[in-house]
Amino acid sequence: MKSRFVAVATSLAFLVIGCSAPRTPQERLTINDEEINEIIAGMTIEEKVEMLHSKTNMSSEGIPRLGIQEIRYADGPFGIREEGVPNGFIPAGWTTDSATYFPTGSALAATWSAELAYKYGHGMGTEGRKRGKDIILGPAINIQRIPVGGRTYEYLSEDPFLAGVLATEYTKGSQDAGTGVCLKHFALNNQEMSRGSVNVICDERTMREIYLKPFEMAVVEGGAVSLMPAYNKVNGYHCSENEHLLNEILRGDWGFRGITVSDWGATHSTMGAALHGLNVQMTGSNYLGQPVIDSIATGALTEKVLDDKVRELLRVRFAIKAIPPEECNNEVASQPESRQTAYEVATKSIVLLKNEGRILPISKDVKKIAVIGRSADTKTALGGVGAGVKTVYEVTPLEGIRSHVAEDVEVLYSPGYNFPPRRNWDGTVDEVKPANEVLCKEAVEVAKDADLVLLFLGTNREVETEGSDRADMFFPAGQEELIKAVAEVNPNIVSVIISGGPCDLRELTKVAPAIVEGWWNGLEGGNALADVLFGNIAPSGKLPFTFPIKLEDSPAYALGNYPQKFEDSDLFTSLYREDRTGKAAPTQEELWQLRRQFSPESVYSEGQYVGYRWFDTKKLPVMYAFGHGLSYVDFEYANVKTNKSSYKAKDVITVTFDLTNTGDMEADEVAQLYVHRKDAKVEWAEKELKAFQRVTLAAGETKTVTLTVPVENLRYWDVDINGWNLEDGDIDILVGAASDDIRLSTTVHI
């Protein structure tokens with residue numbers, strides 16, 4: 001890790017000749033404070049205030065008089081978004097703003113690879129520099145609390161440790177490449193429905209251990225330079241003016257020294273934002289513009305409050321090398337190295353959920369393949385409300401399959417169904433295709449005589465989208481009927497799901513011997529999928545969230561906490577997407593009235609029991625468990641040991657075991673370590689993930705794997721002392737291939 005810190009210091013100008021480097025990643029931001037204080041002393045109030053709000057739709061002001069460049073933001077956590085018009089999201093029509101479409105967040109999470117998360121972030125940061133961007137609005141790291149969340153595809157996991165490790169490495173990778181990150185959405189933005197007004201009610205322990213932990217890791221360990229306060233409220237206060245979140249926890253407990261940038265349209269007042277931790281209002285200046293100057297003039301605000309915000313902004317501006325306009329956007333940002341990273345992530349994200357009779361990989365005896373399903377030929381880089389990527393290319397699954405088959409193999413394609421048409425920026429929609437009933441009949445005819453049916457199911461960017469949650473987990477657009485119709489004429493089905501989040505598999509699993517989760521997998525997704533289906537690469541992805549049997553089993557639904565009884569119009573869509581609403585943006589008065597009228601509560605009464613923690617503790621069956629993922633080979637686990645039998649608070653538990661690939665091809669396994677508390681007095685879930693490692697093994701090879709668990713990571717948030725505490729007692733160390741597939745165990749004492 002030492003070499004990475006050196007890279008950060010070099011690329012983000014954290015080293016000063018003759019000075020010793022500060023100890024923590026956040027303290028590195030303060031290294032230029034002496035010079036920054038001199039600059040602030042010479043600034044006018046007007047210059048300072050100009051830095052606190054948007055300059056354009058994707059920038060905030062610097063100090064032009066002193067040649068200090070504005071901060072430029074890049075939308076999209078899975079690809080640098082195309083250039084928009086100065087004050088909107090409509091594409092500007094450039095020819096040099098294409099970028100690499102990386103696999104989306106849930107796909108990255110399915111790799112369970114810290115190394116790939118670093119490479120992913122580095123690729124994003126490299127392309128951000130070529131586009132002249134200073135900060136990427138990402139990674140998106142909120143916990144996946146509900147299976148139908150509209151941004152599940154952007155987020156990383158239902159587990160805070162997995163999400164935190166990946167977010168930390170993404171952060172390091174991007175910032176080593178010279179582009180800062182903006183962690184989002186801080187915090188507890190776990191639903192899209194009513195996100196602009198919903199008030200999340202959550203206890204402190206749950207908040208600290210589950211929902212804030214990924215942010216804490218990326219700030220403290222990763223050194224993230226900025227965060228984006230979310231739209232929602234937390235315990236009664238909007239995130240953009242939440243004293244507890246932004247000042248007490250972020251700046252106080254975690255030692256954050258960077259900036260906070262509001263989500264677009266998520267600033268709500270002048271005094272609240274100014275006093276309670278917001279640096280930049282995006283977009284507009286109606287709160288952190290002239291009203292700040294007026295408030296200082298009347299004594300309601302002090303100039304020190306303003307200076308503190310400007311100091312934090314200049315820390316980030318100094319840490320990130322400004323790219324002069326003439327030195328960027330001279331070539332397409334996407335480079336072969338980034339595309340290779342996208343391919344590697346895609347190949348290692350694909351999850352083999354089921355493989356009865358080892359129908360996969362596809363046999364060389366198969367000479368006629370029926371590819372059924374619109375998802376096989378649907379591109380996912382663009383669409384919906386959320387950020388997309390103007391990708392240099394995108395290989396669909398159908399294209400990947402056709403390019404990988406032998407010359408004597410016939411591939412027939414039938415769409416089988418149509419998704420709702422995509423809405424475009426100019427207000428038009430894509431051409432409406434024939435009805436699904438007609439397409440279903442055509443697909444059945446194609447499937448009848450095939451040696452193998454590759455049945456593609458899933459969602460698209462209109463179904464899973466920012467601004468709204470899915471109504472259910474069922475496959476949309478008549479796909480449930482297609483499953484039954486195809487199965488009646490051909491039982492040799494390999495089903496591939498192309499989605500961002502989990503789907504209801506009850507009908508599919510009855511008829512499909514093999515099921516693969518293929519994700520929205522970036523510009524090389526089709527090639528990666530084909531390599532796995534045809535056996536060039538063994539599948540090695542693991543689920544980053546639970547696939548419940550039915551939606552109602554998941555905790556927020558089971559306890560009646562979601563959905564809320566009513567829904568207001570989405571704030572971002574109302575303000576910025578007239579192409580979606582067909583209406584002009586509401587006035588500030590109209591917005592204020594809407595916010596006063598609609599403020600539903602989302603009560604997190606399930607507490608720490610999110611995802612697998614709920615299902616394991618309640619002994620509820622699931623369709624596919626957290627961490628599940630099969631391979632084309634089998635792995636044996638043996639000889640688990642710990643370096644000691646008893647540990648103290650400052651110790652590190654070191655666990656070793658032997659892992660053997662018993663198959664006939666190279667393959668990766670993701671070994672997972674969970675802990676179970678024995679006879680605990682403090683309330684705990686049945687098990688919690690505390691370590692993992694992706695291991696590559698040649699055919700027949702055995703490796704000794706070492707996993708470490710710092711004892712401090714076993715602490716809980718003690719509300720009585722308002723701090724972290726450690727419970728003494730025995731802890732079972734559980735090692736296995738999934739949360740429901742534990743192979744080895746041993747017990748240690750804390």
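Asn722 counts as exposed at 53% relative accessibility, where exposed means over 50% relative accessible area, buried under 20% and partly exposed in between (1.4 Å probe, protein chains only). Its phi is near 55°, a positive value in a residue other than glycine. Asn722 sits in the loop between strand E23 (716-718) and strand E24 (723-725); strands (E, at least two residues) and helices (H or I, at least four) are DSSP runs numbered from the N terminus.

Before going on, note that this is a predicted model: local features need pLDDT of at least 70, side-chain atom pairs count only at pLDDT 80 or more, and totals for chains, interfaces and linings use all residues. Residues are numbered from 1 along each chain as its sequence is written, and side-chain values use heavy atoms, leaving out hydrogens and water.

Leu188 also has a positive phi, near 55°, but Leu188 is buried, with a relative accessible area of 1%. You will find Leu188 in the loop between E5 and strand E6 (199-201). Strand E5 (residues 180-186) holds His185, which a cis peptide bond with omega of about 0° joins to Lys184.

Now look at helix H18 (residues 525-533), where 9 of 9 residues are buried. Those buried residues pack against, among others, helix H13 (336-349) and strand E14 (452-458), contact meaning heavy atoms within 4.5 Å. Just after H18, Gly535 takes a positive phi of about 85°.

Finally, 3 strands form an open antiparallel sheet in the order E18-E19-E22, two strands being paired if DSSP finds at least two bridges between them. Strand E19 (residues 652-661) is joined to E22 by 9 bridges, and Leu659 stands opposite Lys703 in E22.
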